[in-house]
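Today I am looking up charged side-chain pairs. Here is the structure I have open.

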Amino acid sequence: MQKIKLLNHLNSIVLITVLVFTLNSCVGYRLGNNNPTKFKDIKSLSVPIIESDVIQPKLQTILTNSIIRSIQEQGSYQIRKEKNSDASLIAKIKKIARKQLRANRENVLETTEMEFSIDLEYKIINNNTGEIIEKGIATGKSTSYLNTNFQLTESRSLRSAAEKVAITLTSKLSEGY
């Protein structure tokens, strides 16, 4: 009888020890969205139309829509109007760059492949306090082979670069990098 009580007692001690070590290893984990600590109080964002220092038709709307879509797909924040949101994402297109990657073998002045990049300056403003929570620059790049319709190639490449800027910006907001 004493041996059975001793075994039960030892089993209880082993079980408690295993539980303590198992649960202790999960102390740093949280369920749900794990936003950076500087964004811990922000549950919703407003994204007004992106401003621009560059004249490029439709790019502001394309970039705004790409950012909103990317934030919604990621799921860390709700998109709301400014008066109903915790913070606002204010952004401005600072630069669009076009760079030749490849030239024609017979004529080095004739471009066959180009890189398009967009630099977006942004800041996150707390709507309750007016304080700037974060600011920075997000960049998106896209490469494209040129065809005879340069405007179409440029438009498609800038749309792709805008989507990459949106993904970069969303990663910074939701994951901190």
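Which residues are linked in a network of salt bridges? I found Glu51, Asp53, Lys92 and Lys94 in that network.

A note on what I am reading: this is a predicted model, where local features need pLDDT of at least 70 and side-chain atom pairs count only at pLDDT 80 or more, while totals for chains, interfaces and linings use all residues. Residues are numbered from 1 along each chain as its sequence is written, and side-chain values use heavy atoms, with hydrogens and water left out.

Entry one, the count. I used the rule that a salt bridge is a side-chain nitrogen of Lys or Arg within 4 Å of a carboxyl oxygen of Asp or Glu. By this rule I get eight salt bridges.

Entry two, Lys92 and Glu51. Their closest N and O atoms are 4.0 Å apart. Lys92 sits in strand β4 (residues 87-103) and Glu51 in strand β2 (residues 51-52), so the pair ties together parts that are 41 residues apart in sequence. (Strands, E, at least two residues, and helices, H or I, at least four, are DSSP runs numbered from the N terminus.)

Asp53 is in the loop between β2 and α2 (59-74), and Lys94 is in strand β4.

Is Glu115 buried or exposed? Glu115 is buried at 16% relative accessible area, whereas Lys99 is partly exposed at 45%. (Buried means under 20%, exposed over 50%, partly exposed in between, with a 1.4 Å probe and protein chains only.)
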